[in-house]
Amino acid sequence: MIPYPNWLDAGDNAWQLVAATLVGLMSIPGIAILYGGLVQRKWVVNTMFMAFTGFSLVLVGWVLWEFKMGFGEPLNSDWPGILGAFVGRPGTIVGSASEQAQAYIPLVNGNDLMPSFHFPQSTLAYFHFAFAAITPLLFMGSVVGRMNIRAWLLFVPLWSTLVYTVNAFLLWGGGWWAAKGALDYSGGYVIHLAAGTSGFVAAAVVGPRLARDRAHGVPNNLPMVAVGAGILWLGWNGFNGGDMYFGGHNAAAAVLNTNLCTAVALLTWVVWDMFAGPQRKPTFLGSVNGMIVGLVAITPAAGFVTGIGAIYIGIIAASLVWLAWNYLSKVPPFNKVDDALGVVYTHGIAGLAGGMLVGIFADPAMAVYLNKDGSTAWSTSGWLYGNLDQLWKQAGAAGTVIVYDAVMTFLILRAIGLFVKLRAPDEVLEGGDLAVHDEEAYPAETAVTGLAPEPVAAAAVAQKAPEKEPAGDTDSG
């Protein structure tokens, strides 16, 4: 007997499962504790709850119908133009044949655009689930602190079905923009531009936080932010290291480029803060913003550029987003919308910048796939290497994602709003986690036990301190 079929490579399969797990860790606990540390104290539980439920909702939909919408046969290839290669036909993958068969993307493998996969369909499905799951969790940062939790539970599966699968099919599943040659190595457009666009629209439709919360929206736990940010940074090795599907030379280059671009972007943001920021001081939160921008910007380019290209992308993207964060945020429509954690900047603008910069810095010497003799079988090139047309392809794909995602996010939320209030009532927003979940992130001992102090203990306390001191405000924001 044999442990697995002859088409399966244990190394590739193991790496792909590890990479998928690293990406999953970026969501839970990564995003849960990163965002949980950034929000006000009274919203920590709600933020973590939204992350865990969003992750779960996407997984159920992904295996039952969404995976094939993003990576299956076209819904109807006879439809004209982009509609014929817009989204896949829904279908389940929960069966022995689907889960154990060799992984296969019909419009990609069927057209010999890449080598055959060396792992089963269940590995491919789980890997891409982790990407699908993190996207709504990212733009959750735009609407924290006021979205009705019931609206969130409806919005995530609808958005994932009607929006994310279309983005994935268009650029990764062999759809319209993939066929045109648009590049998105690991989700600069499919994930980050989509998250920034949808988050901004959702923030506008749902409405702002309470005025007091906006005025005093300070993070409640910076060490918690540091842990979440660190998980994101290292988890990104699975994000970009796994997206060529093979544990080979290109995956290694993508991992190195990812970390290099991130470090450069972080330092670039710190320099901007020190010499041009409002306080002329370096800040930890600024460094985290720079880190995220670097991770996002290199994502569409990771295996297509050299280390020099990664450095340039880090400097340019961090500078553009820093300027947008500090100046664009002060003009309409950005100053009119309460994007709580600035997702439109660190993901939307950073993803757009990275996607356009790959159209400049993509280096044909970076071999993605090889011939048997070791020569380059497939690579790509950008404007610096004589391919100006790549910039137009990148711009066209970006425009499609922005327009489609914005319109669909607006329509989905308006439809949900017919049945459920999108924004929680002001009295609930005043109470935060206690009002929504009857839980606190940092409860007093009596809140944990749910019991009043023992009578004897209470009497002893009364003898020692007969005058009761005024209670303090438990909301650090």
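Where does proline 333 lie? Proline 333 sits in the loop between helix 13 and helix 14, where helices are DSSP runs of H or I with at least four residues, strands are DSSP runs of E with at least two, and numbering starts from the N terminus. A cis peptide bond joins proline 332 to proline 333, with omega at about -5°. We'll come back to that bond, but let's look at the whole chain before going further.

What you have here is a predicted model, in which local features need pLDDT of at least 70 and side-chain atom pairs count only at pLDDT 80 or more, while totals for chains, interfaces and linings use all residues. Residues are numbered from 1 along each chain as its sequence is written, and side-chain values use heavy atoms, with hydrogens and water left out.

How confident is the predictor? The pLDDT is its confidence in each residue, on a scale from 0 to 100. For the protein chain the average pLDDT is 91, and 93% of the residues score at least 70. Residues 452-477 are another story: their pLDDT is below 50, and this stretch has 11 contacts in the model beyond near neighbours in sequence. A contact, by the way, means heavy atoms within 4.5 Å.

Now for the overall build. The protein chain has 19 helices and 2 strands. Its radius of gyration is 24 Å, close to the 23 Å that the globule rule gives for 477 residues, so the chain is as compact as a globular protein of that length. That radius is taken over C-alpha atoms, and the rule is 2.2 Å times the number of residues to the power 0.38. Along the principal axes, the C-alpha atoms fill a box of roughly 90 × 55 × 45 Å. Buried residues make up 53% of the 477; buried means under 20% relative accessible area, exposed means over 50%, and partly exposed is in between (1.4 Å probe, protein chains only). Among contacts between residues at least 6 apart in sequence, 78% join residues at least 24 apart.

Time to see how helices meet. Two packed helices are described by the angle between their axes and the distance between the axes. Here, axes are lines fitted to C-alpha atoms, for helices over the stretch in contact, and angles run from 0 to 180 degrees between N-to-C directions. The axes of helix 11 (residues 249-276) and helix 13 (residues 307-326) come within 8 Å and cross at roughly 40°. The residues making this contact include Trp269 and Trp272 of helix 11, and Trp322 and Trp325 of helix 13. By class, the contact has 16 nonpolar, 5 polar and 1 charged residues. In that count, Ala, Val, Leu, Ile, Met, Phe, Trp, Tyr, Cys and Pro are nonpolar, Asp, Glu, Lys and Arg are charged, and the others, Gly among them, are polar.

Helix 8 and helix 14 (residues 343-361) also have axes that come within 8 Å, crossing at roughly 145°. Among the residues in this contact are Gly188 and Gly196 of helix 8, with Gly348, Gly351 and Gly355 of helix 14. This contact has 8 nonpolar, 7 polar and no charged residues.

Stay with helix 8 (residues 188-206), which holds isoleucine 191. Is isoleucine 191 buried or exposed? With 0% relative accessibility, isoleucine 191 counts as buried. Setting aside neighbours within four places in sequence, isoleucine 191 is in contact with residues including Phe131, Tyr164 and Ser186. Tyrosine 164 is 27 residues away from isoleucine 191 in sequence, with 7.9 Å from C-alpha to C-alpha.

Ser186 turns up again among the residues that asparagine 240 touches. Asparagine 240 belongs to helix 10 (residues 222-241) and, at 0% relative accessibility, counts as buried too.

Finally, back to the backbone. Most residues other than glycine have a negative phi, and most peptide bonds are trans.

Key. pLDDT = per-residue confidence, 0-100.
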